[in-house]
Amino acid sequence: TRDWRGAIAKMKKDKRLARCAARYFAAAGGNQNVRVKIVDANIHDQVWSFVKSKDAETMKFGILAYGKFADDAYCAKQMCQETLTVDDLVKFFFARITKTDDTDVENWCLMAVARLAQAPLFSDKLAKMDKLPIIFAKANDSIAGRKLPAALCVANCATNKTLRVRLVKHRAYQLFVDMSKVGSHARRDMQDYQRVAALGFRNLSSNFHLRALAGRVGAVEAVVRMLRSRDQDIRRYAAKAASELSLHEENGKKMVDFGVFPPLIALAKSGDKYCEDEAVTALANLALTEDNQAEFQKEGGMEAMEVMALSRNPKVVKIAKRLTMRVRMTKLRTAARFAGKMAAVQKEELMKKGEWNEDGDKDEFSRA
């Protein structure tokens, strides 16, 4: 209510109440429905006073709360609608990131920046104010508390299509390839590395001109490996990356060599709509050449298409039928070429014997 918001504004005069309020928002920001209401009511503007508080505890919880408010793209964009506000956000957070001795404050500021980077206005400002080198320096740090949020910032910046080439020049692909090698068996603070790497591949692979580079730096192999992950988010991101990367012919060949068909076929029948859509799209992109189609059939692709044709997902049904027809047409073309070769061989033999008749009377293929 308006009265309650007015009370929040007066809390900064009472340190104890301000701490309690900041702590409350730090907890409430973890709930998606609550944070949307907070952002829509512009309460995050008043929480900003907690972030800038001179009281260390209030500031910490304020930073944590602000980062949680930006934990989805809608809220991040709502919080970054004014250029002046974005300038203040970037200056404040990077002053703490580069100067504070408190690792918690540094990590929370990095996470807030990472989440706000989902907003194009904020990611544009990061590039304009030359903050990307700082982010990449943190992303390549050996300390997981710095590396993870900084790498997430890079992955979220990649949703901004104007920044993708710039990110790749900073070796974003290589960063995500290295992170993708850390599996679920890793330390607890490193277990989200693959999820961030898969998100980064998904966002970067949407750029047509960068797909060829992805195949040269190991991104294709990493994506195929992550398709087999037990984590649903990783599989989803990897499936989208696979559907994008497979549009490049050389990437498609490499993906097939790395054994992409079994995990994609499994995802296309998984029951998860997002995974199914992206996996079946990737299968359709990959099964364009005869060599890939032969490998697809060898891995049980045609049997899987029969199952997918009965799916409740209309996109899966549509693409499965189209893919089945494509493979059958390829078989017919192959059979026609074979028949043509056999006819040419027989013609050559008959001509050597002097028995060839131009009218085709002695041509067994013509009589048939």
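Lys138 is buried, with a relative accessible area of 17%; buried means under 20%, exposed over 50% and partly exposed in between (1.4 Å probe, protein chains only). Lys138 sits in helix H10. Helices here are DSSP runs (H or I, at least four residues), numbered from the N terminus. Contacts, defined as heavy atoms within 4.5 Å, join Lys138 to Ile97, Glu106, Leu110, Arg146, Lys147 and Ala150, leaving aside neighbours within four places in sequence.

The model is predicted: local features need pLDDT of at least 70, side-chain atom pairs count only at pLDDT 80 or more, and totals for chains, interfaces and linings use all residues. Residues are numbered from 1 along each chain as its sequence is written, and side-chain values use heavy atoms, with hydrogens and water left out.

Helix H10 (132-139) is also among the partners of the buried residues of H13. Helix H13 is mostly covered, with seven of its nine residues buried. These are Ala172, Tyr173, Leu175, Phe176, Val177, Met179 and Ser180. Their other packing partners are helix H11 (144-157), helix H12 (164-169), H14, helix H15 (211-216) and helix H16 (219-226).

Aromatic rings come next. The structure holds 12 aromatic pairs. Rings of Phe, Tyr and Trp (its six-membered ring) pair if their centres lie within 6.5 Å; planes under 30 degrees apart count as stacked, over 60 as edge-to-face and the rest as tilted. The rings of Phe25 and Phe69 have centres 6.3 Å apart and planes at 85 degrees, so this pair is edge-to-face. Phe25 belongs to helix H2 (residues 15-28) and Phe69 to helix H5 (residues 56-69), so the pair ties together parts 44 residues apart in sequence. Both Phe25 and Phe69 are buried. Tyr173 and Phe201 form a stacked pair, 6.3 Å centre to centre with 25 degrees between the planes. This pair links distant parts of the chain, with Tyr173 in H13 (residues 172-180) and Phe201 in H14 (residues 193-204), 28 residues apart. Tyr173 and Phe201 are both buried. Ring pairs also link Tyr24, Phe25, Trp48, Phe50, Tyr66, Phe69, Phe92 and Phe93 into a cluster.

Phe201 also takes part in a helix contact. H14 and helix H17 (residues 232-245) pack at about 25 degrees, with axes 8 Å apart. Axes are lines fitted to C-alpha atoms, for helices over the stretch in contact, and angles run from 0 to 180 degrees between N-to-C directions. H14 is therefore roughly parallel to H17; angles under 35 degrees count as roughly parallel, over 145 as roughly antiparallel, 65 to 115 as roughly perpendicular and the rest as oblique. On the H14 side the contact includes Gln194, Arg195 and Ala198; on the H17 side it includes Asp233, Ile234 and Tyr237. Its residues divide into seven nonpolar, one polar and four charged.

Phe261, Leu264, Ile265, Leu267 and Ala268 of H19 meet Cys275, Glu276, Ala279, Val280, Ala282, Leu283 and Leu286 of H20. By class, this contact has 11 nonpolar, no polar and one charged residues. Ala, Val, Leu, Ile, Met, Phe, Trp, Tyr, Cys and Pro count as nonpolar, Asp, Glu, Lys and Arg as charged, and the others, Gly among them, as polar.

Ala287 lies in the loop between helix H20 (273-286) and helix H21 (290-298). Ala287 is buried, at 0% relative accessibility. Ala287 touches Asn292, Gln293, Leu323 and Arg326, not counting residues up to four places away in sequence.

Methods: Helices (H or I, at least four residues) and strands (E, at least two) are DSSP runs, numbered from the N terminus.
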